[in-house]
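Me: I'm new to reading protein models. Can we walk through this one together, a question at a time?

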Amino acid sequence: MGAPVTLVPSSVRVTGDVAELQRLQVGHGGFNEEMRDILGRVVEVTGIADGKDVRVQWEDSVWTVNPEAVTKASADEAEEEEDEENPAEELAKLFLAAALLQAMADRSGSS
């Protein structure tokens with residue numbers, strides 16, 4: 001997909017093609033089904049592994065990726081990715097807010 005990325009930290013876009021990523025991961029840590037989460041995403045380079053692979057992070061996961069599976073992301077792409085909302089985080093916030101409201105209602109009703 002692209003030239004090796006060696007700048008740490010930097011933002012890169014992972015290939016969006018699952019078959020390509022599976023093929024490129026042979027000999028580079030392999031493919032894990034959870035890697036589907038990073039397909040087509042802009043992720044942060046956190047380091048270089050074994051002098052040849054790129055360590056990338058997205059949310060709480062860190063992956064070792066073949067450098068040919070990523071391309072350097074522009075500053076605009078990185079910013080757009082940061083602005084995207086994570087549905088799971090938003091749902092967790094809603095549940096927390098509902099629990100807090102319920103607790104407040106319970107306290108005021110028992111007074």
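**A tour of the fold**

Me: How many helices and strands does the protein chain have, and in which order do they run?
Reply: Let's start with the count: the chain has 3 helices and 5 strands. Helices (H or I, at least four residues) and strands (E, at least two) are DSSP runs, numbered from the N terminus. This is a predicted model, where local features need pLDDT of at least 70 and side-chain atom pairs count only at pLDDT 80 or more, while totals for chains, interfaces and linings use all residues. Residues are numbered from 1 along each chain as its sequence is written, and side-chain values use heavy atoms, with hydrogens and water left out. From the N terminus on, the order is β-α-β-β-β-β-α-α.

Me: In what order do the strands sit in the sheet?
Reply: Two strands pair if DSSP finds at least two bridges between them. Here 5 strands make an open sheet with antiparallel pairing. Their order is β4-β3-β2-β1-β5.

Me: Why is one side of β4 and of β5 left without a neighbour in the sheet?
Reply: β4 (61–65) and β5 (70–72) each have a single partner strand, so one side of each has no neighbour in the sheet. The reason is their place: both stand at the edges.

Me: How many bridges join β1 to β2, and what is the bridge partner of V12?
Reply: β1 covers residues 10–14 and β2 covers residues 42–49, and they run antiparallel. The two are joined by 4 bridges. In β2, V12 has as its bridge partner V43.

Me: Which residue takes a positive phi in the hairpin of β2 and β3?
Reply: β2 and β3 run antiparallel and are joined by 5 bridges, and A49 has D53 as its bridge partner in β3. The hairpin has 3 residues between the strands. The one with a positive phi, near 55°, is D50.

Me: Is V54 buried or exposed, and what is its bridge partner in β4?
Reply: V54 lies in strand β3 (residues 53–58). Its relative accessible area is 1%, so it counts as buried (under 20%; exposed is over 50%, partly exposed in between, with a 1.4 Å probe and protein chains only). β3 and β4 pair in the antiparallel sense over 5 bridges, and in β4 the partner of V54 is V65.

Me: What is I38 in contact with, leaving aside its neighbours within four places in sequence?
Reply: Contact means heavy atoms within 4.5 Å. With those neighbours left aside, the contacts of I38 are V14, V43, V56, W58, W63 and V65.

Me: Which backbone oxygen does the side chain of Q25 reach?
Reply: Q25 is found in helix α1 (residues 18–25), and with a relative accessible area of 0% it is buried. Leaving aside neighbours within four places, its contacts are G30, F31, M35, T64, V65 and N66. At 3.0 Å, its side chain reaches the backbone oxygen of G30.

Terms used. A polar contact is a pair of N or O atoms within 3.5 Å; within protein, one must be able to donate a hydrogen and the other to accept it, and residues adjacent in sequence count only if both atoms are side-chain atoms.
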